[in-house]
Amino acid sequence: PITGRKQVSLVSDTEVMAMSYQQYDQFLAENQLSQDAEVTQMIQRVGRRIQRAVEQYFAEYGMSDELAGYAWEFNVVESNQVNAWCMPGGKVVFYTGILPYFESEADAAVVMGHEVAHAVAEHGAERMSQQMMQQMGAMAVEQAVQSKSAATQDIFRSAYALGSQLGAMLPYSRLHESEADHIGLIFMAMAGYDPRVAPLFWQRMSQASSGGKPPEFLSTHPADETRVRRLNEHMAEAMQYYTP
């Protein structure tokens, strides 16, 4: 609804969210939450501000129904992974390994806006649909969707991979990453964070990983120059939503 791109979705929001909440609770039960109250409060504060921005945006465009069933939650988990993610329905996790890359709360908002954008744009459901079409014939897809079979749940687990030991979602496509950059820029601006921080943050992340293997968080993202260029192309639009 934000970028106007058409997408294929063969699974209902209700079904995806039900599976999301179950997997999220299981993940939290199997991983250690951060005991750093200050850090946790900061991530939750940023999350709530981004949440309000999302809800405001959808309300202004008469699309609040798109967020029906959302049960927002923001947690920080102990892990050396440089990563963060948001599952369908607004279920967010930041790993402590990404925190050293933040020089300000606005940096956290860059990541929060980006990850929430993946969920709001229903990239997960789109990825599930693509996998269903790849793994099944047309008739099998139709039967899986109608019966809400175990195959559909298997596709969900495959798409998110949260049952793995690392608990890291599979990477999104470069198209999804670029779209999340664009949408996230708008959300962070609406939340009162300067969107001009975004290209600087991604440049710093890339430079910090130069000379070695980039963090999984950056593995499928657009090349540095392309990402910064596209962010700057969307900056004028984002600045329209920004009020310091």
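Reader: Let's start with a pair. In E3, which residue is the bridge partner of Phe 74?
Author: That partner is Val 92. Keep in mind that this is a predicted model.

Reader: How many bridges join E1 to E3, and do they run parallel or antiparallel?
Author: There are five bridges between E1 and E3. The two strands run parallel.

Reader: And what is the order of the strands in the sheet?
Author: The order is E1-E3-E2. Three strands make up this open sheet, and the pairing is mixed. Strand E1 (73–77) and strand E2 (84–87) are the edge strands, each pairing on one side only. On average, neighbouring strands are turned by 15° against each other, direction ignored.

Reader: What about helices? Which strands does H1 touch?
Author: Helix H1 (residues 13–30) touches E1, E2 and E3 as it packs on the sheet. The direction of H1 makes about 30° with that of E3.

Reader: And which strands does H2 touch?
Author: Helix H2 (residues 37–60) packs on the sheet too, touching E1 and E3. Its direction makes about 150° with that of E1.

Reader: Back to the strands. How many bridges join E2 to E3?
Author: Four. Strand E3 covers residues 91–95, and E2 and E3 run antiparallel. In E3, Trp 85 has Val 93 as its bridge partner. Met 87 has Lys 91.

Reader: What do E2 and E3 form, and how many residues sit between them?
Author: They form a hairpin, with three residues between them. Gly 89 is in the turn and has a positive phi of about 90°.

Reader: Is E3 mostly covered or mostly open?
Author: Mostly covered. Five of its five residues are buried. Lys 91, Val 93 and Tyr 95 point one way from E3. Val 92 and Phe 94 point the other way.

Reader: Now one residue. Where is Asn 75, and what does it touch?
Author: Asn 75 is in strand E1. Not counting residues up to four places away in sequence, Asn 75 touches Tyr 24, Leu 28, Leu 33, Val 92, Val 93 and Phe 94.

Reader: Why does Asn 75 count as buried?
Author: Because its relative accessibility is 11%, and buried means under 20%.

Reader: Tyr 24 was in that list. Where does Tyr 24 lie?
Author: Tyr 24 lies in helix H1. It is buried, with a relative accessible area of 0%.

Reader: What is Tyr 24 in contact with?
Author: Leaving aside neighbours within four places in sequence, the contacts of Tyr 24 are Glu 73, Phe 74, Asn 75, Trp 85, Met 87, Lys 91, Val 92 and Val 93.

Reader: How many residues apart are Tyr 24 and Cys 86 along the chain?
Author: They are 62 residues apart. Their C-alpha atoms are separated by 9.8 Å.

Reader: New topic: H7. How many residues does it have?
Author: Helix H7 (residues 174–190) has 17. From first C-alpha to last, H7 reaches 24 Å, close to the 24 Å expected at 1.5 Å a residue. H7 is mostly covered, with 15 of its 17 residues buried. Just after H7, Gly 192 takes a positive phi of about 95°.

Reader: At what angle do H2 and H7 pack?
Author: About 105°, with their axes 8 Å apart. So H2 and H7 are roughly perpendicular to each other.

Reader: Which residues make the contact?
Author: H2 gives Ile 50, Ala 53, Val 54, Gln 56, Tyr 57, Phe 58 and Glu 60. H7 gives Ile 186, Phe 187, Met 188 and Met 190. By class, the contact has nine nonpolar, one polar and one charged residues.

Reader: Last pair. At what angle do H8 and H9 pack?
Author: Helix H8 (residues 197–208) and helix H9 (residues 224–239) pack at about 170°. Their axes are 9 Å apart. The angle is over 145, so H8 is roughly antiparallel to H9.

Reader: Which residues make that contact?
Author: On H8, they are Ala 198, Pro 199, Trp 202, Gln 203 and Ser 206. On H9, they are Asp 224, Arg 227, Val 228, Leu 231, Asn 232 and Met 235. Six are nonpolar, three polar and two charged.

Methods. Residues numbered from 1 in each chain as written. Predicted model: local features only at pLDDT ≥ 70, side-chain atom pairs only at ≥ 80, totals over all residues. Heavy atoms only, no water. Pairing = 2+ DSSP bridges. Axes fitted to C-alpha atoms, helices over the stretch in contact; angles between N-to-C directions. Contact = heavy atoms within 4.5 Å. Parallel < 35°, antiparallel > 145°, perpendicular 65-115°, else oblique. Nonpolar A, V, L, I, M, F, W, Y, C, P; charged D, E, K, R; others polar. Expected span 1.5 Å × (residues − 1). Buried < 20%, exposed > 50% of the residue type's maximum accessible area, 1.4 Å probe, protein only.
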